[in-house]
Amino acid sequence: KNFDFSSPLYVFIFKIITLFEENFYKIAKILNLLFFLIGNIFVYKISIKVTQINYSKFLFLISSLSTYNFYSSALMPEMIFYMYFYIFIYLYFFMKNFYFKYIVCSTNIFILFLLKGTGIFILPAILLNEFFKFLKKNETPKNFFIKISIILTSFIVLFCLTKFFITKNSNFIFGSKYGSIFKQINNLAEIVYIFKIFINNYIGHLVYNFLIFGLPIFFIIKNLFLKNNKLNEIIFLPFFILILFSIFSSLNHAMHVYTDSNINLFRVTTRYYDFIIPLMLMSCFFITNSIIQIKKKRNIIIILLISLIYILIFYSQIINFRPTSVIFDSILFRGYIYNDFFFNFLVFFSLVCFLVNFIFPQKTYKVFLFLYFPIVLIISSIPISKEINTYKKPNKFDSVGIILKKHYKSLGEEPTIISDKLIGEDYRVLFFLNSPNVKIT
């Protein structure tokens with residue numbers, strides 16, 4: 001009933017896999033790959049409803065080859081969350097029954113929350129999406145109120161029901177392990193200090209998202225406030241998710257730096273929201289006109305702003321955010337930070353995508369999707385593959401785990417593991433000690 005991390009459903013699945021003991025990791029990888037494949041099948045099913053079949057096939061291919069598939073080799077909830085998220089998206093956008101649709105929507109958000117605590121941020125993202133849909137399509141206030149009421153009521157009821165099988169501290173949004181960090185603030189000065197850390201870290205998220213998805217983000221923002229817009233509403237949701245999850249990621253990291261000054265201030269963790277990559281790519285298919293009209297004076301300011309951002313990026317070389325700590329962080333950014341040549345090349349290519357949009361707007365999505373993004377994937381896969389191969393080589397922590405496992409096995413005993421304040425490599429020891437009978441405190 002107690003969970004250090006707010007992913008009880010994932011922990012439950014994880015514990016079932018541990019029953020396979022020596023074959024545990026093989027089974028976990030097979031399941032992760034299966035989750036990833038099912039997720040991409042739903043990516044295809046979603047995209048085929050909003051774009052041409054050939055483009056949908058390409059999106060399925062590029063999603064399957066994406067560096068996101070790295071998580072299939074990691075014992076983390078990313079893959080099962082990825083799969084269920086796209087099942088949720090498919091049902092949310094394409095179910096017809098009005099009342100049942102929003103009950104299912106809320107239930108699926110709750111399941112995402114149980115798979116990974118950050119899934120709770122899908123809830124406000126959906127509410128924002130419904131709000132802007134209400135503004136843009138001139139829906140009646142009654143319909144809007146009914147939708148919001150169904151979603152919130154269903155979620156709250158399900159949340160309360162978890163009290164029957166999860167203890168009171170464990171279903172806190174961030175889990176008892178991370179959630180306790182947010183309870184250590186004592187005065188205003190500490191809040192100001194944490195806010196400064198947050199701003200410094202969030203700059204990294206802004207740079208990452210500007211370089212990778214700057215063009216579709218500007219396109220979404222431009223169309224977000226246009227009434228009676230004929231664009232498919234599916235393009236707006238990833239933007240809301242991106243905002244909420246990136247803010248959480250920086251805030252979460254700021255709290256960790258606040259409690260442990262040895263943690264890298266500039267670690268940019270995008271794995272919290274990398275699952276939206278296919279949706280961001282899907283939005284690119286709708287970019288058939290320029291995001292700015294050069295003849296309008298206010299748009300000249302936008303061009304100057306974009307130019308200034310690129311100048312600052314080239315000038316600073318974003319040294320503080322290179323490298324971005326560990327392999328799990330910013331998987332699409334690994335190519336950018338691989339070396340200076342690739343960094344300058346990809347930054348320039350990112351700029352070219354904007355220029356193409358300004359000059360040849362109808363060719364924008366082709367340049368972005370069929371040239372720029374595949375190159376980012378290819379270059380990013382190089383350092384990721386190297387790091388994975390490094391992790392595969394047994395180190396001293398693996399050896400300690402193997403020795404301890406043999407020791408306890410010879411004694412016929414099961415160890416009790418004290419899991420407080422473990423560092424990353426300590427978990428390699430625990431991997432070999434893992435057993436359904438091991439007591440973790």
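**Helix packing and buried salt bridges**

The buried residues of helix α1 pack against α2, α4 (78-94) and α5 (98-115). Buried here means under 20% relative accessible area, with exposed over 50% and partly exposed in between, using a 1.4 Å probe and protein chains only. Helices are DSSP runs of H or I, at least four residues, numbered from the N terminus. Contact means heavy atoms within 4.5 Å.

A word on the source. This is a predicted model, where local features need pLDDT of at least 70, side-chain atom pairs count only at pLDDT 80 or more, and totals for chains, interfaces and linings use all residues. Residues are numbered from 1 along each chain as its sequence is written, and side-chain values use heavy atoms, with hydrogens and water left out.

Back to α1, residues 8-17. Which of its residues are buried? Pro-8, Tyr-10, Val-11 and Ile-17.

Next, a helix pair. Helix α2 covers residues 24-47 and helix α3 covers residues 53-65. Their axes come within 9 Å and cross at roughly 155°. That makes α2 roughly antiparallel to α3 (the cut-off is over 145 degrees). Axes are lines fitted to C-alpha atoms, for helices over the stretch in contact, and angles run from 0 to 180 degrees between N-to-C directions.

Who meets whom? From α2, the residues in contact include Phe-36, Leu-37 and Tyr-44. From α3, they include Ile-53, Leu-59 and Phe-60. By class, this contact has eight nonpolar, five polar and one charged residues. Nonpolar covers Ala, Val, Leu, Ile, Met, Phe, Trp, Tyr, Cys and Pro; charged covers Asp, Glu, Lys and Arg; the others, Gly among them, are polar.

Now the salt bridges. How many does the structure hold? Five. Each is a side-chain nitrogen of Lys or Arg within 4 Å of a carboxyl oxygen of Asp or Glu.

Start at Glu-78. This residue is buried, at 2% relative accessible area. Lys-116 meets Glu-78 in a salt bridge, 2.4 Å from N to O. Lys-116 sits in the loop between α5 and α6 (122-137), Glu-78 in helix α4, and they are 38 residues apart. Lys-116 counts as buried too, at 7%.

Arg-271 also forms a salt bridge with Glu-78, at 3.3 Å. Arg-271 lies in the loop between α10 (237-259) and α11 (277-284), so this pair ties together parts 193 residues apart in sequence. Arg-271 is buried, at 14%.

Last, Glu-233 and Lys-133. Their side chains meet at 3.3 Å, N to O. Both are buried. Salt bridges that share partners join Glu-130, Lys-133, Lys-147 and Glu-233 into one network.

Key
Helix = DSSP H or I, 4+ residues; strand = E, 2+ residues; numbered from the N terminus. Parallel < 35°, antiparallel > 145°, perpendicular 65-115°, else oblique.
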